Every structure is written in structure tokens, then in C-alpha cells.
Amino acid sequence: MKIPVYQIDAFTDKAFGGNPAAVCPLEFWPENEIMQKIAAENNLSETAFFVNKGEFIEIKWFTPKVEIELCGHATLATTYVIFNFIAPEKEELKFQSMGGELRVTKENDLITLNFPARMPQKSEAPAGLAEALGNTPIEIYKSRDYVLLFESEKDIINLSPDFAELLKIDAHGFICTAPGDNSDFVSRFFAPQVGINEDPVTGSAHTNLIPFWAERLKKNKLHAFQLSERKGELFCEHLGERVFISGKAVKFLQGFIEIENPA
């Protein structure tokens with residue numbers, strides 16, 4: 001089995017920044033077990049696989065441990081690959097995924113994801129949260145993930161979670177956010193239960209953060225940074241039931257995965 005593979009840094013305009021994702025174009029779907037093993041071997045936060053069906057593109061995303069229903073940065077990375085190396089004449093793509101229909105457009109070097117919004121709701125703190133994070137959020141919300149509001153960008157930068165303790169809390173992920181010093185808001189994202197202690201830049205987290213901050217700041221166009229070590233920049237817009245998440249990307253590598261006698 002020989003599969004093309006690209007590694008793309010998403011939500012950045014510089015190599016070694018943003019969030020790296022592997023992208024694998026396919027002619028047909030192999031067994032999920034094979035894709036899961038490839039994702040584990042790649043050992044990136046996500047590996048995206050896609051099959052072109054003509055009118056739309058089917059896409060799947062895998063962390064090193066599980067398949068997930070929505071991934072922003074790996075979708076941006078996939079779109080970058082298609083726009084730059086497979087179908088440069090295209091300006092819009094339609095994806096079908098476990099998370100529903102996704103549309104992506106490009107304008108110059110900016111790629112825009114059109115994703116469903118997820119407005120988090122007020123929630124109680126799960127047991128052990130403050131101890132696991134090393135700080136207590138001032139407000140707690142939840143949709144798929146916990147959205148944890150802190151007072152300042154400094155609070156977000158200084159978070160040093162105990163991931164063994166976070167793993168004991170039943171949650172897909174923890175989105176920690178605060179007003180930004182040089183942007184509308186900042187965030188970090190922790191998801192040890194799906195094999196990602198800290199995700200460098202998380203498009204899916206911003207499906208929560210965009211409606212959350214749009215309501216708090218009374219504005220629909222927002223500028224954001226995710227303050228992981230690699231750091232990512234996102235240009236956002238709230239559209240009611242949908243959100244626009246825009247960013248840039250760069251190629252890190254291109255090659256082939258060659259599998260002989262898979263175990």
C-alpha cells in the first residue's frame with residue numbers, strides 16, 4: 001500500500017509554527033484500523049484522510065488514539081494541499097464528514113473554514129478541575145468541551161496542567177480562554193483523553209470561542225491567538241449558526257507512506 005502524505009503547518013505563515021497535520025489523499029477508503037495505525041505512526045495531533053467523490057470530498061480525521069468528528073486545523077491543511085497541489089483552479093471546496101457538511105474557500109493565501117457554531121452553556125466545575133489546571137477559572141461553560149474563562153492573557157500563558165489529573169475528568173477537552181493583550185481573545189486547548197495533552201492550534205475549539213466572545217464583546221469579527229508553544233493566529237467571524245475560521249498554512253514535507261505486510 002502506497003499513500004501520498006503531506007505535512008502542513010496550519011494557522012501560521014511560517015514553518016515550525018501553528019499546528020502540524022498530516023494529510024493523506026486516497027482513491028478509496030481503507031479499513032479504519034489502517035488509518036488509525038497511520039495516525040498513531042505519524043504521531044501528530046491529527047491526520048486527515050480524504051477521498052474525492054466529485055461533487056464533494058469525504059474527509060476523516062484521526063488523532064493518534066481515536067477518530068474524531070471535527071477538526072479545524074487538519075481541514076485547513078487538507079484544503080491547502082488540494083488548492084496548491086491537486087486542484088489549483090478551485091476556489092471553494094465542499095466536504096462531507098462525521099461532523100456534517102463543511103465548506104472552505106480561499107482568497108489569496110487566506111483559507112476560510114465555514115463550520116457550525118457551538119455556543120457553550122454555563123456549567124458547574126467538575127471535581128478536581130482547579131487542582132489539575134493549577135488555577136481556578138472565573139467562569140465555566142460547556143458544549144462538547146469545557147470552556148474555561150480566565151481574567152487575563154497572562155493567566156493563559158502561565159497554565160501548567162497536571163495531565164494525569166486532567167485525564168481523570170470525563171471530558172473531550174478543556175478550552176482555556178481570556179481577553180487578549182493584542183487580540184480580541186486568546187486560548188489554549190488541552191485534550192489528554194483523546195491523546196493530545198496540548199493541541200497547538202485548534203479550529204474546532206473556535207467553533208465554541210467565536211460565538212462565546214462575539215456575545216461578550218458585542219462584535220462579530222474577531223482576531224485571536226492560540227498561545228501554545230508553536231502559537232497560531234486565527235481570523236474569525238460569527239454568523240449565527242455558523243462561524244468563519246480563517247488562517248494561513250505552509251508545507252513542511254511531502255512524500256509517500258509505504259506499508260508492507262501491515263500487522
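Modeller: Let's start with the words we need: helices (H or I, at least four residues) and strands (E, at least two) are DSSP runs, numbered from the N terminus. What you see above is a predicted model, where local features need pLDDT of at least 70 and side-chain atom pairs count only at pLDDT 80 or more, while totals for chains, interfaces and linings use all residues. Residues are numbered from 1 along each chain as its sequence is written, and side-chain values use heavy atoms, with hydrogens and water left out.

Biologist: Thanks! Where does Phe-11 lie?

Modeller: Phe-11 sits in the loop between strand E1 and strand E2 (19-26). Its phi is near 65°, a positive value in a residue other than glycine.

Biologist: Is Phe-11 buried or exposed?

Modeller: Buried means under 20% relative accessible area, exposed means over 50%, and partly exposed is in between (1.4 Å probe, protein chains only). With a relative accessible area of 1%, Phe-11 is buried. Now look at Asn-43, in the loop between helix H1 (32-42) and strand E3 (46-52). Asn-43 has a positive phi of about 60° although it is not a glycine, and at 57% relative accessibility it counts as exposed.

Biologist: Next, strands. How many bridges join strand E6 to strand E7?

Modeller: Two strands pair if DSSP finds at least two bridges between them. Here E6 (residues 92-97) and E7 (residues 100-107) run antiparallel and are joined by six bridges. Leu-93 stands opposite Val-104 of E7, and a hairpin through two residues joins E6 to E7.

Biologist: And which strand pairs with E7 over five bridges?

Modeller: That is strand E8 (residues 110-116), again in the antiparallel sense. In this pair, Arg-103 stands opposite Asn-114 of E8. The hairpin of E7 and E8 has two residues between the strands, and in it Asn-108 takes a positive phi near 60°.

Biologist: Now charges. How many salt bridges does the count come to?

Modeller: Side chains of opposite charge can pair when their charged atoms come close. The rule asks for a side-chain nitrogen of Lys or Arg within 4 Å of a carboxyl oxygen of Asp or Glu, and the count comes to 15 salt bridges. Take Arg-230 and Asp-9, whose closest N and O atoms are 3.1 Å apart. Arg-230 lies in the loop between strand E15 (221-226) and strand E16 (232-238) and Asp-9 in strand E1 (residues 2-10), so this pair ties together parts that are 221 residues apart in sequence. Arg-230 is partly exposed at 28% relative accessibility, whereas Asp-9 is buried at 2%.

Biologist: What does Lys-248 meet in a salt bridge?

Modeller: The partner of Lys-248 is Asp-109, at 3.7 Å from N to O. Lys-248 is in the loop between strand E17 (242-247) and strand E18 (249-258) and Asp-109 in the loop between E7 and E8, so the pair ties together parts 139 residues apart in sequence. Lys-248 is partly exposed at 26%, and Asp-109 is partly exposed at 49%.

Biologist: Which residue forms a salt bridge with Arg-216?

Modeller: Glu-139 does, and the closest N and O atoms are 3.3 Å apart. This pair links distant parts of the chain, with Arg-216 in helix H6 and Glu-139 in strand E10 (residues 139-142), 77 residues apart. Arg-216 is partly exposed, with a relative accessible area of 37%. Elsewhere, Glu-69, Arg-118, Arg-144 and Asp-145 are linked in a network of salt bridges.

Biologist: How many disulfides does the structure hold?

Modeller: A disulfide is a pair of cysteine sulfur atoms within 2.5 Å, and this structure holds zero. For Cys-71, the nearest cysteine sulfur belongs to Cys-24 and is 13 Å away. Cys-71 is buried, with a relative accessible area of 4%. For Cys-176, the nearest cysteine sulfur is that of Cys-236, 17 Å away, and Cys-176 counts as buried at 0% relative accessibility.

Biologist: Last one: which residues of the lining lie nearest the centre of the largest cavity?

Modeller: A cavity is a set of points, on a 1 Å grid over the protein atoms alone, where a 1.4 Å probe fits but cannot get out; lining residues have an atom within 4 Å of a point. The largest cavity is lined by 18 residues, and Glu-46, Ile-68, Phe-189, Thr-202 and Ser-204 lie nearest its centre. Helix H2 (72-86), strand E13 (185-191), strand E14 (196-199) and helix H6 (203-217) each supply at least two residues of that lining.

Terms used
On a 1 Å grid over the protein atoms alone, a cavity is a set of points where a 1.4 Å probe fits but cannot get out, and a pocket is an open set with protein on both sides within 12 Å along at least five of seven lines; lining residues have an atom within 4 Å of a point.
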